[in-house]
Amino acid sequence: MRTNLNTLALVRNLGILAHVDAGKTTVTERILYATGTTHRRGEVHDGTTITDFDPQERDRGITIFAAAVSCAWEGHRINLIDTPGHVDFADEVERSLRVLDGAVAVFDAVAGVEPQSESVWRQADRHGVPRIAFVNKLDRAGADLDTAVASIRERLHPAPLVVQMPIGAENGFRGVVDLVRMRTLVWDDGSDTAVEGPVPQELREEAQRRRRLLEEAVAELHTGALDEFCMRAAVSAQTLVAALRELTRSGDGVVVLCGSAYRNRGIEPLLDAVVSYLPSPLDVPPVQGTFDGTEQKRAADPAAPFAALAFKVNATPTGRLTYVRVYSGTIEKGEAVWDAGVRRTERIGRILRVQADRHAHVDRAVAGDIVAVAGLKSARAGSTLCAPGAPIVLEPPGVAEPVVSVAVEARRSTDADKLASALARLTEEDPSLVVRTDPETGQTVLSGMGELHLEVAAEKLRSAHGLEVNVGRPRVSYRETVGRGVSGLVFRHVKQDGGAGQFAHVVLDVEPLDEGFEFRSAVVGGRVPQEYVRAVEAGCRDALAEGPLGGHPVTGLRVTLSDGATHVKDSSETAFRTAGRLGLREALRACAMVLLEPVVEVTVTVPEDAVGGVLGDLAARRGRVSGSATRGGAAVVTATVPLAELFGYATRLRSRTQGRGTFTARPTGYAQAPAATAAR
């Protein structure tokens, strides 16, 4: 057992996080090359990457689907997930972060912290995932490590602990000074490995100044380093490494490294930092779960009862693969596992070590492993798999609500059943896609996180499933909320049609709430039993699915059950649930309702001579400009814009800027829609 635990200490489960085009897929490819996993460098622009293996990813030049790979470095096994950088695929990042122990956040040395960089950083914060930062593209014109670090400090609010100093600037960037061990690492042109040497005289003064700043920053955060700093007025390399490890794993500091992944400079020290500072499965707290209301924990121990979380499902030509993170225990192929969510037994057919779209068969998986398993029929993303005799339900990854919808139909009526089956498979692989039937038109409606998300889904229907489909114009998903509530609304549900009847009497108060839904009971004297109160709440939640303005979901309200009455024979939970549903619908019709529309924060980067036209276009789209700055000779404009006004914006921006303008968008919530929109 000790050997197994020692092996676990040499495992790192990490993700690569970044804004789109920051270079995280190139970082992943260089890691695979540096570790000897691949024998040639994959390039995004050539479509030769290992992790971006889907045809759409190669055509578009972006990561769409999270891809898992494994490699080895200095006796450690690294399970790595390359995550998407585009906001439309943030749910892929969310599912990956749920099962990771650490992450490398990649930043563009010119742009610094970009909108999606901030979003994925906040996602990692929510999951408590320790991170190190890699400032990439130092060979670009306008690249500056200090400016990028300042943006990390200002926008993300960690304590950045810079452990390297670049040698050379922009196109002359050729290496780094390791400030912890006070040595240089230089990559000659055409060389795949660094040449190590002493810090040259011309760089020594600046390197010593930066080493001093690092020691002071670490001493402020770490007691052991502070004690040594006070005694010796310096901190040794050994103490620095130990302190940086603890600060990284506690989240009190973020180690910052730099390099140029495209030119293969800085990857080896990044791998050294991964194994030195990021946690192993033994370093993270035991995973927590529940079963039948009892809290349970599972430690990362191969001898403990088996527990794993499925975080991705992929349908391949050879069968259905379920990607799982094993938190405890050991599982071998052919063994039975229990799906705790649906409470049924499944059998593991094969266990596969994943290398993007390639797989290697293994006989078993142990605590700390990230593997794919074949043979599971019911498991979905978020399912808990466990030993039949030791049930546990782990918290599944959150799923964001879709904000854009399109109508989808098969061009040939004979393909209707095939389309339904293909859509079911799509939603099984990607839980952030939702399929429903419009009750008024009978159309099949596909909802997702953005235009690109739905474009990718539609293209997959055509390419992977051989379907010719018609796709309607995108429509945003509105919400309804209470602007002014009502008090004392009385609703009686009475039904008598022979035999036992139904009787429920409720009095509801409805008032606005900042967000979400809240239900409470103010009934006194036991006039409504507690089990009926719960039924009323369930009925109210049923009523939130469709609001009175346009049948949109309702949010932002508090409902209080202030009074009620029962019948000795005819009252039941069913009757009170019905009363809650119908009563709240009637109450909402009596309220002053407000239509909400999704809004996004848009960051537009354009040449300075195009700013005027871009500002005018944003104003025409009901955008509110919140800031502007100049970065690297280009203007960066930030604005809040209704999502409905952004359809087709990419084409419009390219035409206004002769193809030189780019933009990114990230959801910021909902805002009140204008009266004209509400009247549609």
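Reply: Let's begin with C386, which counts as buried because its relative accessibility is 0%, below the 20% cut-off. Keep in mind that this is a predicted model. C591 also counts as buried, since its relative accessibility is 9%. As for disulfides, the structure holds zero of them. C591, for instance, is in no disulfide: the nearest cysteine sulfur belongs to C540 and is 12 Å away, and a disulfide would need the two sulfurs within 2.5 Å.

Now for the sheet. Picture four strands in an open sheet, in the order β31-β32-β34-β33, with mixed pairing. The edges are β31 (486-495) and β33 (517-521); each has a single partner strand, so one side of each has no neighbour in the sheet. On average, neighbouring strands here are turned by 25 degrees against each other, if you ignore direction.

Look next at β32 (residues 502-512) and β34 (residues 557-565): they run antiparallel and are joined by eight bridges.

Then come the helices. Helix α13 (residues 530-543) packs on the sheet and touches β32, β33 and β34. The direction of α13 makes about 155 degrees with that of β33. Helix α14 (residues 573-590) packs on the sheet as well, touching β31, β32 and β34. For α14, the angle between its direction and that of β32 is about 40 degrees.

Notes: Residues numbered from 1 in each chain as written. Predicted model: local features only at pLDDT ≥ 70, side-chain atom pairs only at ≥ 80, totals over all residues. Heavy atoms only, no water. Buried < 20%, exposed > 50% of the residue type's maximum accessible area, 1.4 Å probe, protein only. Pairing = 2+ DSSP bridges. Helix = DSSP H or I, 4+ residues; strand = E, 2+ residues; numbered from the N terminus. Axes fitted to C-alpha atoms, helices over the stretch in contact; angles between N-to-C directions. Contact = heavy atoms within 4.5 Å.
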